[in-house]
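Please open the structure in a viewer and follow the stops below in order.

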Amino acid sequence: MTEPASNIRINGQRLWDSLMDMAKIGPGVRGGNNRQTLTDSDKQGRDLFTKWCEHQGLTMGVDSMGNMFARRDGTDPDALPVMLGSHLDTQPTGGKYDGVLGVLGALEVIRTLNDLGIKTKHPIEIVNWTNEEGTRFAPAMVASGVFAGIHAQDWAYDRTDADGLRLGDELERIGYKGDEPVGKRKMHAFFELHIEQGPILEDENIDIGVVTHGQGLKWIQITLTGKESHTGSTPMPKRINAGLGMARVTELVNEIALAHGPNGVGAIGHLELYPNSRNIIPGRTVFTVDFRHPDKASLEQMDAKLRAGAEKIAAEIGLGIEIEQTGGFDPVTFDEGCVTAVRNAAESLGYTHRNIVSGAGHDACWINRVAPTSMIMCPCVDGLSHNEDEEISKEWATAGADVLFHAVVEAAQIVE
């Protein structure tokens, strides 16, 4: 058993070409991608990924949530696999790298092992998790959540999109509802490569983010009910304006997040206004507050202040109010051994690095509950993500995949 020499690097140009080829599927309107989960474009992306994996001699397994597992056998048939990967689905106006870098970077790890004829004791499996984004079927990270025992599969199948289509039905429609029971696979460790989706690494000119923790998250849906009436003829004191209530809650969310800085963040990212007519005072608004913080107690305080403040705002205007948590997870502390493997890989390769807290949710946050897990991050331009203008450099992608290679191979154990 030996460790890979520090001069072994992945093929950065080959990785970049694969990223660009995948980006041709589900193109956006200005250079990004719209490859939402379980759409025809998602199927095409999955099919291409399958083709690439089969070309490398990998065997593909698909579980009942559509999670894909491309396996490279190890020399020990009883050893648990080291898994690495992320997701291929995107936001409606998503970039070419969010999630995809983690899957195709993992494929490049396998290609490099095959190029060099390196054998490992543990099998290595690339994972594509279904519906990480949660934009079509809320909440995010649904399938990895079922895998980790967070969600029930039947509940996940019943998630519906804006057109009322069920996740389970769409999974079957595109042909990726596998027979393997979800969660059946056990793993030795899991590594996820991802773009930072924030500005810290680029601002500090750092190559690699060693992810030690993940922020906790709460998605809190608020429904305010007022009274629809004419915008021109209804006196101001007579109005029960649900839009006004939403505006005041928006300001409250910002105040709460600032009060819990520098790590606390919050915003309203999704909103619906009814009847959404120019000359009708809104009678109902439905919107979702996104709060995040790496400290659980602080996150709970943010939630409590929102609920109390929103109730007060609704009472002052005369609005009905309903508050429901529609998604969330506790802050995550990643496995010390896996984190150390990532840090050691960055150091041995000569890449600059720093510890970092993930501001976004990732499948790794759920998998950390069932297996030793860590994440690797590379910079992205201006910290921009969930946007078609999302951009990274080939050098950043290469560095991240280099570190992924060495961390995974250390865990999988080279056999002479």
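Which residue's side chain meets that of aspartate 21 in a salt bridge? Select lysine 24: the two side chains meet at 3.4 Å, N to O, a salt bridge being a side-chain nitrogen of Lys or Arg within 4 Å of a carboxyl oxygen of Asp or Glu. Aspartate 21 is partly exposed at 32% relative accessible area, whereas lysine 24 is exposed at 62% (buried means under 20%, exposed over 50%, partly exposed in between, with a 1.4 Å probe and protein chains only).

This is a predicted model, in which local features need pLDDT of at least 70 and side-chain atom pairs count only at pLDDT 80 or more, while totals for chains, interfaces and linings use all residues. Residues are numbered from 1 along each chain as its sequence is written, and side-chain values use heavy atoms, without hydrogens and water.

Next, select arginine 14 and aspartate 115, whose closest N and O atoms are 2.8 Å apart in a salt bridge. Arginine 14 belongs to helix H1 and aspartate 115 to helix H3, so the pair ties together parts 101 residues apart in sequence (helices, H or I of at least four residues, and strands, E of at least two, are DSSP runs numbered from the N terminus).

Proceed to glutamate 170 and arginine 173, which form a salt bridge at 3.1 Å, N to O. Glutamate 170 is buried at 8%; arginine 173 is partly exposed at 44%.

Finally, display the open antiparallel sheet, ordered S10-S12-S8-S13 (strands pair if DSSP finds at least two bridges between them). Its edge strands are S10 (265–274) and S13 (320–329).
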